[in-house]
Every structure is written in C-alpha cells, then in structure tokens.
Amino acid sequence: MSVYTDADWAGCKVTRKSTSGGCAMLGSHAITSWSKSQSLVALSSGESELYALVKATAEGLGMQSLLKDLGVKVQGHVWADASAALGIINRKGLGRLRHIDTSYLWVQDVAASRAVAFRKVLGSDNPADLFTKYLDWNVIGKHCQAIKCIFTEGRATSAPAVVKIEEEYVGRVMALCQAAVRAIESEQDW
C-alpha cells in the first residue's frame with residue numbers, strides 16, 4: 001500500500017492557508033484521494049508539507065486497519081517530495097523548530113515504530129501534485145497514468161439518458177417567464 005502526499009504552501013491568496021492533497025494506492029489501484037485546505041496557516045513550506053504528511057499517515061493507518069479487519073496484512077508506505085517534512089518525522093521532538101503545533105508530532109512515534117515507512121519521491125514523479133496545484137495537460141496525463149486513471153470519450157452506459165423536452169412545454173414555460181417579467185416591470189401582481 002502506498003500513500004502519496006503533497007502540499008501547496010499558502011496557495012489561498014485570501015487566507016494564506018495551504019492545501020494538502022494525496023492519494024492512496026493498493027497495488028496499482030487508486031483507492032481514495034483528497035484535496036483539502038489545511039486548518040492552520042503554515043509559516044513555512046516544510047510545516048505545510050508536515051501537515052500534509054500527517055494527513056497521509058492517518059489515511060494510510062486507516063487503510064491498514066481496514067485491510068487488517070478484512071484479513072489482509074499490508075505494509076504501508078507514505079511517499080512525499082518534501083525533505084524538510086521527512087526530516088522532522090524521522091527525528092524525535094521539535095529540535096530547533098518552535099512554530100509547529102506539537103499535536104502533529106504523533107507521526108514521529110509512527111515512524112519510530114515502523115508501522116508506516118516514509119519514503120522520498122521526486123516532485124516531478126509525485127502523483128499527489130494532481131490534488132494541490134494547477135498543472136499543464138502533459139503533467140496531468142503523466143500523473144493520471146501513474147495512478148491508472150484513464151480518460152474515455154462519451155458517456156458511461158450507466159449514466160442517465162438526456163431527455164428531450166417538448167417544444168410546447170418550453171414555449172409555455174417561456175410565456176410564464178415573460179409574463180412574470182412584465183408584471184415585475186409594471187409592479188403588478190400576476
């Protein structure tokens with residue numbers, strides 16, 4: 001099981017909040033994905049990436065627990081492109097950092113217990129970019145191919161059919177709308 005994560009630091013121009021995004025894969029199958037504004041304003045890109053890693057770790061542990069309940073034991077891997085966040089996770093305590101919310105440091109215990117393995121992925125190869133940033137079509141295609149997401153033409157056979165509305169019905173609705181507009185313009189009850 002692999003969970004890919006990324007963050008877009010201070011991406012919101014109004015709130016300056018970051019966006020966490022990621023996807024969880026079981027083998028070559030994308031099981032879930034997310035894109036969510038972070039609840040805190042991160043003061044650095046490393047902090048923003050740490051919060052995204054915490055979210056991905058929680059998703060990975062949840063998937064491991066579900067699969068264990070179903071009788072399937074898997075090793076979880078969390079993949080990130082942020083060296084700073086991976087460094088914070090692989091040490092104990094805050095070190096010289098003072099602005100990080102300590103409630104997020106539970107992930108250090110997860111790393112120490114090896115319940116989930118944390119790995120580095122190149123930013124250009126991280127499919128979690130799909131959920132955090134604006135990308136050009138070539139990059140979108142590359143990441144979609146990595147998570148086995150394909151685009152097809154036309155409508156799915158299970159999609160509801162488009163029903164054509166009779167012209168007479170449309171004419172009656174248009175006449176009612178025009179009568180309402182005339183009544184409003186002349187301030188009369190209709």
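**Close-up views of a predicted model**

**View 1. Cysteines without a disulfide.** Across the whole structure, a search finds zero disulfides, a disulfide being a pair of cysteine sulfur atoms within 2.5 Å. Cys 144 takes part in none, and the nearest cysteine sulfur, that of Cys 149, is 4.2 Å away. Cys 144 is buried, with a relative accessible area of 5%, whereas Cys 177 is partly exposed at 43%. Buried means under 20% relative accessible area, exposed over 50%, and partly exposed in between (1.4 Å probe, protein chains only).

The model is predicted: local features need pLDDT of at least 70, side-chain atom pairs count only at pLDDT 80 or more, and totals for chains, interfaces and linings use all residues. Residues are numbered from 1 along each chain as its sequence is written, and side-chain values use heavy atoms, with hydrogens and water left out.

View 2. Gln 75 is placed in the loop between helix H1 (45-69) and strand S4 (76-80); helices (H or I, at least four residues) and strands (E, at least two) are DSSP runs, numbered from the N terminus. Gln 75 is partly exposed, with a relative accessible area of 38%. Apart from neighbours within four places in sequence, Gln 75 is in contact (heavy atoms within 4.5 Å) with Met 1, Gln 64, Arg 114, Ala 115, Val 116 and Ala 117. From Gln 75 to Thr 19, the separation is 56 residues in sequence and 27 Å in space, C-alpha to C-alpha.

**View 3. Val 173 in helix H5.** Val 173 belongs to helix H5 (residues 167-185). This residue, Val 173, is partly exposed, with a relative accessible area of 34%.
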